[in-house]
Structure formats: C-alpha cells, structure tokens
Amino acid sequence: MFIVYTPEGRNRIQPGELSPQLKVARTKRVNPVGESEMDQMHFKEAMAQVHEKTQPAVKEYQSVQNKNERKAVVKVYEIMTQPVMTIRDDRTLAQAWQQMVEAHVHHLPVQDEAGELVGLVSSHDILMRAVVGDNGQLDIGGEGLVTDVMTEQVVTTRAEMDIRRVAQVMSEYDLGCIVIMSDAESIRGIVTLSDIVRRLSESPPLEIYV
C-alpha cells in the first residue's frame with residue numbers, strides 16, 4: 001500500500017498490475033492415430049523409445065533451471081537509508097542546500113514544528129531557483145524558504161513493501177525517492193532510485209524479477 005501525504009490529508013494510491021492476465025484457450029485432446037490394436041501397440045513402443053532418448057536432455061534442462069532458480073523479492077527495509085536526514089519547513093533554501101552538500105544527499109523530507117511530514121525538497125528543486133552571481137558563485141535562492149519549492153504531495157510506503165512495486169510506482173509517478181513510514185506514522189527511512197539500481201548491480205541475477 002502506498003500513501004500520499006498532502007496538506008489536505010492522506011490518500012492511498014494503487015499501482016497498476018505488474019503484468020496483464022494472459023488468457024489461454026483450452027486445447028482439445030487428440031487421440032493417437034491408429035485404430036487397430038497393433039497400431040496402438042506400435043505407437044506406444046515408439047513413444048517409449050522417444051521418452052527414453054529424450055530423458056537425459058530433460059534431466060539436464062531441469063538441473064540448469066534449478067541452478068538458476070531466482071531468489072525471493074527484496075523488501076524495502078533491506079535497501080532503504082536510515083535514519084533519515086530531514087529539514088524543518090521554516091529553513092531557507094541555502095540551509096537546505098548546505099545540508100544536502102554536507103550529507104551527500106539529494107532529497108530531504110520536510111517536517112513542521114510538530115514533526116509531521118509536510119513535504120519533500122530535492123536538490124533539483126533548489127537548483128531551479130539558483131543563479132550564478134557576477135563573481136561566479138552560486139546564489140541559492142536568496143532568502144527563499146524550503147516551503148517555496150518543496151513538493152507537498154509526498155508518496156510513502158511501509159518497510160515491508162517489495163522493491164518491484166516501489167520501482168513501478170517511482171516510474172509511474174516520475175519520483176526520485178519514496179519516503180518509508182513506520183506504523184506510528186513517523187519517518188523510518190527513504191529509498192531512492194539509486195538504491196534500487198545499486199541493489200541490482202551488486203546482487204545479480206535480477207532479484208527484482210521473481
């Protein structure tokens with residue numbers, strides 16, 4: 001389950017099906033050709049010979065399939081970053097940028113005075129307001145506040161969600177990250193697109209496809 005946090009409240013979103021349901025028509029049973037008992041006997045003998053010849057190949061194929069058996073789906077809690085660095089909604093863009101640079105992160109969940117999740121600010125959001133001064137220095141939005149550029153609709157989920165659904169939602173909604181919430185509705189972690197790509201690169205075969 002995914003929940004979008006907004007100033008108006010929380011709303012659930014449901015990702016589409018991972019794959020369409022395939023409908024296969026039932027085939028009719030075809031009896032072996034041959035009406036006499038002798039024909040039936042010859043047919044059974046021929047089938048037994050074919051089975052005997054192909055059995056080694058079938059066993060070899062099955063052994064290869066067993067070796068390549070895929071692992072269980074990776075859960076969010078296995079790849080999420082925690083604890084999460086956050087920022088208050090009354091902070092300036094310059095303060096948010098400095099915090100990102102020092103922590104080497106690109107996303108900061110925004111909280112109000114009571115600690116409630118009220119938005120999400122990214123490095124891209126801040127750079128869209130930045131200008132280069134005459135001295136070549138980057139001016140990060142002057143006295144602008146985080147609330148001026150933050151995204152107010154924050155998509156969240158729980159730590160037990162599998163990452164293939166997280167990847168699907170991030171793709172459908174063009175998200176750079178998803179905030180992970182605890183049962184107590186507090187911020188527990190964060191998963192970025194880089195986290196998913198890193199997991200796939202470190203743990204082949206692709207465990208995301210089970």
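Buried here means under 20% relative accessible area, while exposed is over 50% and partly exposed is in between, using a 1.4 Å probe and protein chains only. The helices (H or I, at least four residues) and strands (E, at least two) are DSSP runs, numbered from the N terminus.

Quick word on where this comes from. It's a predicted model, where local features need pLDDT of at least 70 and side-chain atom pairs count only at pLDDT 80 or more, though totals for chains, interfaces and linings use all residues. Residues are numbered from 1 along each chain as its sequence is written, and side-chain values use heavy atoms, with hydrogens and water left out.

Back to H5. Which of its residues are buried? They're Ile163, Val166, Gln168, Val169 and Met170. After the helix comes Asp174, and its phi is positive, near 55 degrees.

Zooming out, the protein has six helices and ten strands. Of its 210 residues, 31% are buried. Now contacts, meaning heavy atoms within 4.5 Å: if you take those with a separation of 6 or more, 60% are between residues 24 or more positions apart.

Next, the salt bridges. Side chains of opposite charge can pair when their charged atoms come close. The rule used here is a side-chain nitrogen of Lys or Arg within 4 Å of a carboxyl oxygen of Asp or Glu. How many does that give? Seven salt bridges.

Let me walk you through a few. Glu78 and Arg199 meet at 3.8 Å, N to O. Glu78 sits in the loop between helix H1 (37-67) and strand E3 (87-88), Arg199 is in helix H6, and they're 121 residues apart, so this pair links distant parts of the chain. Glu78 is partly exposed at 39% relative accessibility, and Arg199 is partly exposed too, at 22%.

Then there's Asp183 with Arg158, at 3.5 Å, N to O.

Arg198 is partly exposed at 40%, but Asp195 is buried at 8%. And elsewhere, Arg88, Asp90 and Arg91 are linked in a network of salt bridges.

Last stop, the pocket. What lies nearest the centre of the largest pocket? Thr81, Val105, His106, Ile190 and Thr192 do, and the lining has 13 residues. Strand E10 (187-192) and helix H6 (193-202) each supply at least two of the lining residues, with H6 giving the most, three.

That lining splits into five nonpolar, six polar and two charged residues. As for what a pocket is: on a 1 Å grid over the protein atoms alone, it's an open set of points where a 1.4 Å probe fits, with protein on both sides within 12 Å along at least five of seven lines, and lining residues have an atom within 4 Å of a point.

How values were computed
Ala, Val, Leu, Ile, Met, Phe, Trp, Tyr, Cys and Pro count as nonpolar, Asp, Glu, Lys and Arg as charged, and the others, Gly among them, as polar.
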